2 protein chains.
Amino acid sequence: MKQKPTLRDVAQYAGCSITTTSNILQGRHNLYRAETVERVLSAAQVLGYRANHIARSLAKQRTATIGFVLDPNHARLTHNDYAQHVLDGVLAYLEQCDYDVRLISPRSSSLERLWSRIDNGTIDGAILLAPVIGSPLLEWHRHSRLPVVVVGSTLPESYGFTTVDIDNESAMATLTEWVIQQGHRAIGFIKGHPLHWSAQQRERAFRQTLMQWSVPVREEWILQGNYTIESGRRAAEQLLRQSSLPSVVICSDDGSAAGFIQRCTELGVRIPEDLSVAGFDDEPLVQPLVPYLTTIRHDKYQVGYLAAQLLHQQIESGDTLPQRLLLPGTLIVRRSVLPAPALTHFAPPQSTEGGSRP
Amino acid sequence: MKQKPTLRDVAQYAGCSITTTSNILQGRHNLYRAETVERVLSAAQVLGYRANHIARSLAKQRTATIGFVLDPNHARLTHNDYAQHVLDGVLAYLEQCDYDVRLISPRSSSLERLWSRIDNGTIDGAILLAPVIGSPLLEWHRHSRLPVVVVGSTLPESYGFTTVDIDNESAMATLTEWVIQQGHRAIGFIKGHPLHWSAQQRERAFRQTLMQWSVPVREEWILQGNYTIESGRRAAEQLLRQSSLPSVVICSDDGSAAGFIQRCTELGVRIPEDLSVAGFDDEPLVQPLVPYLTTIRHDKYQVGYLAAQLLHQQIESGDTLPQRLLLPGTLIVRRSVLPAPALTHFAPPQSTEGGSRP
DNA sequence: CCATTTTTTGGAATCGCTTCCATACGCGGG
DNA sequence: CCCGCGTATGGAAGCGATTCCAAAAAATGG
């Protein structure tokens with residue numbers, strides 16, 4: 001029908017200047033007589049005026065939009081339950097402060113194109129979702145002034161990113177410690193995806209905790225995984241081929257735990273009677289598969305929510321000092337880990353200073 | 001460090017006008033001498049120029065962005081596997097034509113605010129994700145000139161929306177027909193979410209097919225569900241309380257099918273030996289729960305991809321005639337539906353003309 | 001060598017809104 | 001009667017691109 005009304009139209013209809021109209025529509029009512037305010041407001045109402053955010057953004061040099069950037073290596077959003085929960089949290093927070101989200105899923109190869117897809121003036125800041133090791137996204141940040149918060153990957157501090165993530169190390173330490181306290185001394189491990197920092201951290205915490213408690217680390221029981229059910233199945237086959245077996249296997253994630261358990265069961269090894277298994281993530285998607293899995297739960301929604309909050313603060317304040325926020329996981333004890341068979345007494349932790357862990 | 005370079009900076013550095021620079025950077029190379037082109041390109045290169053899309057959008061009155069609009073009634077993106085697959089498809093298509101996606105999840109109550117969140121000049125078109133019956137989104141469209149494609153809800157034609165969806169009616173008809181052909185004549189049904197058009201359509205197709213084949217419709221076997229596992233469990237309890245039971249239950253979705261089966265099993269009814277069950281959606285999330293479920297599969301990714309394509313065309317061509325695209329589902333036969341016990345011969349379809357269905 | 005094309009290039013308006021700063025007006029005090 | 005100040009309002013310069021159209025330069029032809 002008719003063109004959308006602009007600020008000028010409203011001003012004209014109200015019989016005052018564009019400046020006045022703009023000010024009043026932005027809520028600066030006290031600058032003007034009540035009568036003027038009323039006139040402008042009703043003019044806007046009558047004409048069905050809605051501000052053009054593009055023009056506003058250009059003038060204010062502020063878009064009230066943040067970018068939610070997927071890693072080019074994560075092909076699809078879908079296969080990633082993590083992403084959705086985080087995104088939900090982000091949306092929930094941003095809704096409150098009237099920010100919007102632009103979804104950026106850079107599949108393109110060229111670095112140049114990738115950057116211009118992200119940093120082209122359309123966003124005030126970005127949330128990087130779990131960039132993997134060596135991701136081009138990390139490189140890009142050096143060239144950009146844009147506030148950025150990384151979620152789902154706790155990069156080494158040297159990268160200088162503000163980060164919100166779960167505390168992989170301490171959560172895995174807690175889990176491992178608990179397993180040891182159940183009397184286990186023969187402990188296997190399934191590693192996570194080799195390109196994820198979280199996988200590195202979980203493995204490191206696992207190894208360290210074993211050492212602290214003087215539990216031997218048996219490399220042949222440490223198997224490669226990649227955060228998928230399939231990789232858990234493969235790990236099972238590999239492990240069961242060996243002559244001596246651990247009494248428990250700690251998995252870097254619930255997916256591989258589920259695959260591991262599945263394959264073990266198929267091969268006649270009963271879980272947890274013959275072999276205990278622990279997971280990590282309390283993944284709702286695998287929960288129905290192995291409802292009895294002992295695991296670590298953490299709040300991904302919260303990660304997103306806090307990341308959005310932090311980013312929002314950085315944008316508003318202009319202060320981009322890197323911070324890091326690590327949310328604790330909680331141990332969920334179910335039935336998949338039984339106390340170790342014979343052993344009940346065993347060595348106390350090596351007395352360095354790795355005393356009590358929160 | 002330094003401010004981001006603007007077009008003016010590049011022009012100045014290259015020693016030519018802004019117009020020239022703009023033209024060349026937009027690829028109109030043939031307008032200028034090769035030498036000029038070279039100069040501008042390298043200037044842009046050296047300065048690390050990246051066009052400001054906000055300014056571009058304002059000038060061109062085109063944002064190269066579409067809105068992916070969730071229904072205010074779908075609280076979270078997460079609980080919706082459908083949404084993610086569609087979104088993946090959308091992203092995949094838009095990537096190709098250099099469009100971006102703005103995620104709009106309107107939780108606000110006020111209609112006025114809702115509109116201004118969507119139609120504020122920041123998008124060229126919108127994809128409405130499965131608006132429910134009575135959604136304010138549908139109302140909004142009347143007032144707007146924005147090209148819109150609805151996915152996941154096949155609205156009545158009278159709404160005048162372009163639509164991409166799976167063909168609920170014919171898929172459910174296919175499934176029901178197949179069940180009947182397995183010899184079943186005592187058929188129960190679990191309905192979908194009462195606010196979804198898809199639920200209505202699936203139910204209608206179910207009833208119609210039964211009538212076409214002169215199979216009696218027993219209202220006491222038609223149970224309310226709402227596309228969740230929990231609602232399937234409730235339906236099971238309700239059904240099993242009855243004195244006479246159907247030989248098969250067709251569920252409006254895999255979720256309720258899974259819940260139904262779960263609860264039946266708990267109550268000592270064996271599936272499919274005692275009772276056959278069919279689902280709908282081939283939901284990957286419940287697949288591990290009931291891997292033997294006979295169901296209808298459809299391609300949600302494709303829905304998103306085609307919706308984006310259609311929307312893109314409408315934006316580019318300016319032609320907004322409502323179209324509708326219904327993608328067929330395919331019957332996935334697994335083990336959860338057995339041939340009906342005694343009966344092998346039964347009435348042929350009523351000879352209207354509901355002959356063979358693709 | 002000049003008029004006429006053709007090829008290159010640039011001036012300036014525009015997109016819709018924000019915001020700095022100037023102007024106009026009314027009023028009490030010196 | 002004039003100065004200065006507070007209150008209301010508007011003018012105009014951006015923001016960083018695009019694009020229409022005209023001007024300048026080079027090429028063509030008679």
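In this predicted model, the contact between the two protein chains draws on 33 residues from chain A and 33 residues from chain B. On chain A, the side that touches chain B has four elements that each give two or more residues. These are α4, α5 (81–96), β2 (100–104) and α6 (111–118). Helix α5(A) gives the most, with six residues. By residue class, this side of chain A divides into 13 nonpolar, twelve polar and eight charged residues.

Strand pairing also links the chains. Strand β2(A) is joined to strand β2 of chain B, residues 100–104, by three bridges. The two strands run antiparallel. Within this pairing, A:V101 has B:L103 of β2(B) as its bridge partner.

Both chains also contribute to the surroundings of DNA strand C. There are 25 residues around DNA strand C. Those that come nearest are A:L7 and A:A59 from chain A, and B:C16, B:S17 and B:Y32 from chain B. Two or more residues of this surface come from each of α2 (18–25) and α4 (53–60) of chain A. Helices α2 (18–25) and α4 (53–60) of chain B likewise give two or more residues each. Helix α4(A) gives the most to the surface near DNA strand C, with five residues. The residues of that surface comprise twelve nonpolar, ten polar and three charged.

Notes:
Residues numbered from 1 in each chain as written. Chains lettered and ligands numbered in written order. Predicted model: local features only at pLDDT ≥ 70, side-chain atom pairs only at ≥ 80, totals over all residues. Near = placed C-beta within 6 Å. Nonpolar A, V, L, I, M, F, W, Y, C, P; charged D, E, K, R; others polar. Contact = placed C-beta atoms within 7 Å. Pairing = 2+ DSSP bridges.
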